[in-house]
Amino acid sequence: MSMSLMRPGGFSYSELANAGPVEHQFSPYTDNGGSIVAVAGKGFALIASDTRLSTGYSIYTRDQPKLYPLNSNTVLGCSGCWCDVLSETRLIEARMKLYKHEHQKEMSPAAVAQMLATILYSRRFFPYYVSNVLAGIDAEGQGVVYSYDPVGHCDQNLFHAGGSSGALLQPLLDNQIAHLNMQIKPTEPLSLEKAKGIIKDVFISAAERDIYTGDGILLKIITKDGITEESMKLRHD
Amino acid sequence: MANPQGLSFERFSTSIPAIPSAPALGPMKRTQTPVTTGTSVLGIRYEGGIVLAADTLASYGSLLRYRDCTRLHKVNDNTVIACMGDYADFQYLLSIIEQKAITEDCMDDGFNITARSLHSWLTRVLYNKRCKFDPLWTTFLVAGTDEDDDGQKKEFLGYVDKLGTAYTDPVIATGYGSMLATPVMREAVEAKTKNGGQLTEQDAIDIIKNCMTILYYRDARAHYRYEIAVVPTTGKARIEPPTEIKGDWQVAHLIKGYE
């Protein structure tokens, strides 16, 4: 390489020309972490999220729950790219108001679940980078849980773990709630107290292993009488 | 009645001018990287108000290009914003925000833009631009006091960045400040408020001044001249005249091996 082609930075113009586009590029997405766990049972549904909002190794805030009560029988939990969470939930809230005024009734959890899938798929080629978990009580008073992928695939389950600790917690719930791979299976159905205990335990475990989960949890209890909430502290580090 | 075109919120919009789109001449240009930039901004919420701080430097890469640029802006008597990132994008948004403030003022109905509503508005504008892959390369802190449903004045401190990521917290720092100043500020606030203690305006100012000094020593894009804004729940928001850090570099000659 002749000296005349060298720049003060120590690399040549020809190298620069062959280097292709510069790496630093705008990315519309970030991962702001957070976990959601939902459990459905006879006459109740529980949904919980942690309260940490972070980016990389920094914590934005220790007090940002990720639960959105949509009406008296449904709560949505969202985590992932926080700007998408904000935009998506505002859209859902507006659409639910329109529904309420047009039909003079609240949306059922099944209707919300279908609408959410449609909203997510409407952004199929520029997705909301969010993991959604919807919990509610259906017309029969049974708990229901719906889980989604970012582009709108919808699945109805009895329990689901989503967000940054989703992969960590789902097998734990499979074992503790569905009693998979167990020799002796309990006969009594899952009680609300037992479900609450499992949720608190799995969040404590998640906070130990996932840096994006911690600080505290907010737990919403949905029954036919409405929604109540509980909170608990988690690792604060 | 359902809107046949789908959801439209346009009929709710007021006379605030729409953000003009890029000129149609030549290929469309998008901001891929910021140019003239400001570094960290800090904010603390105390019992009775909010304190914000930003230095007065607008850098051009490593060049200290403009050394007397204010990065704090008083929107009205109870709202102040601070900006990190591209200074041109800040000025562009400022021109729109100023027009919004004037429009509100002209209505003369006793209502003003609140910090909460401005924060929410910025969230939408910045999110919209990021969705067009044409971001306004800025991070804002919005501070203000606002009446809640009971007519009580409440302190508000919010963050919004170029993606539309938004949250509120008693302690916020952006950029290098989030690494160097946040731990110091959180610890200081925690120490003051534990056992039912209260953080006063002076406490908040002292913490912020300490953090601006730390940033000046370690952030190569920070400057010795900076401004502090105070937004109290009682009284009007004010931006204090710039103060200067008297650096103590006595230890500098002890550091060897980097000549």
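This is a predicted model: local features need pLDDT of at least 70, side-chain atom pairs count only at pLDDT 80 or more; totals for chains, interfaces and linings use all residues.
How do the residues of the lining of the second largest pocket divide into nonpolar, polar and charged?

**View 1. Lining of the second largest pocket.** The lining divides into 15 nonpolar, 11 polar and 17 charged residues. In total, 43 residues line this pocket, and its volume is about 1300 Å³. Residues of both chains lie nearest the pocket centre: Asp63(A), together with Arg45(B), Thr168(B), Asp169(B) and Pro170(B). Helix H2 of chain A, residues 82-103, supplies the largest share of the lining, with 5 residues.

**View 2. The contact between chain A and chain B.** Chain A contributes 30 residues to the contact and chain B contributes 27 residues. The size of an interface is often given as the accessible area lost when the parts come together. For chain B and chain A the buried area is about 2200 Å², and carbon and sulfur atoms give 58% of that area. The count of salt bridges between the two chains is 1. Arg130(B) and Asp84(A) form a salt bridge, in which the closest N and O atoms are 2.9 Å apart.

**View 3. Surroundings of Tyr129(A).** Tyr129(A) belongs to the loop that lies between helix H3 (109-121) and strand S7 (130-137) of chain A. Leaving aside residues up to four places away in sequence, Tyr129(A) touches Tyr29(A), Ser79(A), Gly80(A), Cys81(A) and Asp84(A). Asp84(A) is also the partner of Arg130(B) in a salt bridge between the chains. Val85(A) is 44 residues from Tyr129(A) in sequence, with a C-alpha to C-alpha distance of 8.0 Å.

View 4. Strand S3 (residues 53-55) and strand S4 (residues 58-61) of chain A run antiparallel and are joined by 3 bridges. Across the pair, Ser58(A) in S4(A) stands opposite Thr55(A).

**View 5. The largest cavity, in chain B.** The whole structure holds 1 cavity of 30 Å³ or more. The space in the largest cavity comes to about 50 Å³. Its lining consists of Thr39(B), Ser40(B), Asp55(B), Met212(B), Leu215(B), Tyr216(B), Asp219(B), Ala222(B), His223(B), Tyr226(B) and Ile245(B). Helix H5 of chain B (residues 201-218) gives the largest share of this lining, 3 residues. By class, the lining has 6 nonpolar, 3 polar and 2 charged residues.

Conventions
Residues are numbered from 1 along each chain as its sequence is written. Chains are lettered from A and ligands numbered from 1 in the order in which they are written. Side-chain values use heavy atoms; hydrogens and water are left out. On a 1 Å grid over the protein atoms alone, a cavity is a set of points where a 1.4 Å probe fits but cannot get out, and a pocket is an open set with protein on both sides within 12 Å along at least five of seven lines; lining residues have an atom within 4 Å of a point. Grid points are joined across faces, edges and corners, and a volume is the space filled by probe spheres set on the points. Helices (H or I, at least four residues) and strands (E, at least two) are DSSP runs, numbered from the N terminus. Ala, Val, Leu, Ile, Met, Phe, Trp, Tyr, Cys and Pro count as nonpolar, Asp, Glu, Lys and Arg as charged, and the others, Gly among them, as polar. Two strands pair if DSSP finds at least two bridges between them. Contact means heavy atoms within 4.5 Å. Buried area is the accessible area (1.4 Å probe) that two parts lose on being put together, summed over both. A salt bridge is a side-chain nitrogen of Lys or Arg within 4 Å of a carboxyl oxygen of Asp or Glu.
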